Amino acid sequence: MTAPNPAPAADASTGSGRLPLMAVAWLWVGAPFAYGVYELGLKLKQLFTG
């Protein structure tokens, strides 16, 4: 008796068409987040240094 075949490995070329979409999605989320962290740093500096 043989074991069932494992799930086939994902083809590396499958996700390559989504690379631009993924880059835009990361920027869509990452840019405002980075700006928020920057603004938080400025506010913390004002809070602790007067």
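Visitor: How many helices and strands are there in the protein?
Guide: This predicted model has 1 helix and 0 strands. The helix, α1, covers residues 19–49.

Visitor: What makes the span of helix α1 close to the expected one?
Guide: Helix α1 has 31 residues, and at 1.5 Å a residue 45 Å is expected. From its first C-alpha to its last, α1 reaches 43 Å, which is close to that value. Glycine 50, with a positive phi near 90°, follows α1.

Visitor: Why is leucine 44 called partly exposed?
Guide: Leucine 44 lies in helix α1. Buried means under 20% relative accessible area and exposed means over 50%. Leucine 44 has 37%, so it is partly exposed.

Visitor: What makes Leu40, Leu44, Leu47 and Phe48 a patch?
Guide: Patch residues need over 30% relative accessible area, and nonpolar side chains are joined within 5 Å. Leu44, at 37%, is therefore over that cut-off. Together the four residues expose about 460 Å² of accessible area.

Visitor: What share of the 50 residues is buried?
Guide: Buried residues make up 0%. Of the accessible surface of about 5100 Å², 72% belongs to carbon and sulfur atoms.

Key: Residues numbered from 1 in each chain as written. Predicted model: local features only at pLDDT ≥ 70, side-chain atom pairs only at ≥ 80, totals over all residues. Heavy atoms only, no water. Helix = DSSP H or I, 4+ residues; strand = E, 2+ residues; numbered from the N terminus. Expected span 1.5 Å × (residues − 1). Patch = residues over 30% accessible without salt bridge, like charges linked within 9 Å, V, L, I, M, F, W, Y side chains within 5 Å. Areas by Shrake-Rupley, 256 points an atom, 1.4 Å probe, with all protein chains shown as cover. Salt bridge = Lys/Arg side-chain N within 4 Å of Asp/Glu carboxyl O. Buried < 20%, exposed > 50% of the residue type's maximum accessible area, 1.4 Å probe, protein only.
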